[in-house]
Amino acid sequence: MNTTVLQVQGLKKNYGPRQAVREISFSVHAGELLGLLGPNGAGKSSTLGMVAGLSAPDAGSVSVGGIGLAQDEAGYKARIGLVPQDIALFEDLPAQTNVELFGALYGCPKPRLRQRAAEVLEMVGLADRARDKPASFSGGMKRRLNIACALVHDPELLLLDEPTAGVDPQSRNAIFEQLEALKRAGKALVYTTHYMEEVERLADRVLIMDHGQLLASGTLPELYRQLPAAQTLQLEVEDAARLDLAALRALVGIKKAELRGSQLHIGLDELGTGSQLVLQALAAAGVAVRHLSSGRANLEDVFLSLTGRQLRD
Ligand SMILES: Nc1ncnc2c1ncn2[C@@H]1O[C@H](COP(=O)(O)OP(=O)(O)OP(=O)(O)O)[C@@H](O)[C@H]1O
């Protein structure tokens with residue numbers, strides 16, 4: 001059974017005349033990572049800020065484990081951890097002291113602080129740097145320390161706002177593995193990013209936002225199913241004038257056939273039989289193929305089909 005951890009109902013946020021978030025509702029279950037994907041300015045950080053209790057919504061409500069932020073702010077905040085977009089650390093205090101200070105802020109009982117700090121530093125792979133100051137850390141290590149700070153009080157829900165910004169690939173992988181371990185431990189996670197590759201790797205469910213609105217939500221397969229075609233085939237052809245695009249589109253399982261210069265773009269349901277049919281049709285028409293590549297539809301295609309724009313501007 002899915003246990004709902006975070007429940008978000010009708011959240012709205014305006015900055016003056018600008019509607020940054022326009023009535024958004026969603027939930028996150030235990031053991032689930034929800035990816036919040038959208039281009040710059042989509043409203044991801046504003047949404048996360050309201051869920052974290054950092055900024056007051058103009059309308060709507062949030063609750064964690066059935067405890068409403070508006071009804072019991074301290075009880076709510078004790079159940080969440082936030083990894084902000086901008087790293088927030090005391091640079092000149094040892095890593096362990098940083099974690100303990102955050103633990104005290106989150107209301108973690110004093111006798112448990114030292115032990116919890118050691119546990120979370122171990123979890124993020126910084127146990128051997130506990131006495132060192134973050135001023136001497138790489139960007140990736142600072143991020144991992146920030147994650148440790150957000151976990152010290154053992155929250156049910158972890159909110160991460162673009163946690164891989166400025167992080168080297170090795171640290172990024174370490175962060176991904178930590179997040180996967182947290183999921184296995186039954187934590188609920190919300191992860192905002194504008195990198196679709198991160199969402200494709202980590203997310204159990206995805207919310208796609210643009211201009212403060214929720215455009216689509218679902219698991220990756222559910223989102224891909226909304227696309228006209230699940231697979232793509234790109235062919236560089238000679239004698240493109242001989243092509244009969246209408247005949248190609250009429251082939252079984254072919255959803256799209258477009259020609260841009262010498263590039264033929266095919267959208268199809270199933271690569272195996274579909275590509276065979278296309279190649280046979282091209283051979284019969286006397287059209288030679290110089291290069292061929294295939295691909296799976298991705299979140300970029302989903303965003304494009306929803307908005308007509310690229311996710312990355
Ligand atoms: N404090 C603020 N005052 C005024 N406008 C704001 C403020 N914070 C955000 N905005 C505006 O609200 C909209 C949503 O911003 P938000 O930071 O939530 O988007 P985002 O999806 O997190 O973008 P990014 O990926 O760039 O962080 C944007 O148009 C932004 O300019």
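Trainee: In which strand does Leu-235 lie?
Mentor: Leu-235 lies in strand β11, residues 231–237, where a strand is a DSSP run of E with at least two residues, a helix is a run of H or I with at least four, and both are numbered from the N terminus. Please keep in mind that this is a predicted model, in which local features need pLDDT of at least 70 and side-chain atom pairs count only at pLDDT 80 or more, while totals for chains, interfaces and linings use all residues. Residues are numbered from 1 along each chain as its sequence is written.

Trainee: Why is Leu-235 called buried?
Mentor: A residue is buried if 20 or more other C-beta atoms, placed from the backbone, lie within 10 Å of its own, exposed if 12 or fewer, and partly exposed in between. Leu-235 has 22 C-beta neighbours inside 10 Å, and therefore counts as buried. By this criterion 39% of the 313 residues of the chain are buried.

Trainee: How do you know that the length of α10 agrees with that of a helix?
Mentor: The expected span is 1.5 Å times one less than the number of residues; for the 15 residues of α10 (residues 271–285) this gives 21 Å, and because the end C-alpha atoms are 21 Å apart, the two agree.

Trainee: What makes the buried residues of α10 line one face?
Mentor: In α10 the buried residues are Gly-274, Val-278 and Leu-282. Seen down the axis, the buried residues of α10 fall within an arc of 65° (the arc of the directions from the helix axis to the C-beta atoms), so they line one face of the helix. The face turned away from that buried side carries exposed residues, among them Gln-276 and Gln-280.

Trainee: Which element supplies the largest share of the shell around the ligand?
Mentor: That is α1, with three residues; α1 (44–51) and β2 (18–29) each supply at least two. The residues surrounding the ligand include Tyr-15, Arg-18, Lys-44 and His-194.

Trainee: How do the residues of that shell divide into nonpolar, polar and charged?
Mentor: Ala, Val, Leu, Ile, Met, Phe, Trp, Tyr, Cys and Pro count as nonpolar, Asp, Glu, Lys and Arg as charged, and the others, Gly among them, as polar. On that basis the shell holds three nonpolar, seven polar and two charged residues.

Definitions and conventions: Near = placed C-beta within 6 Å.
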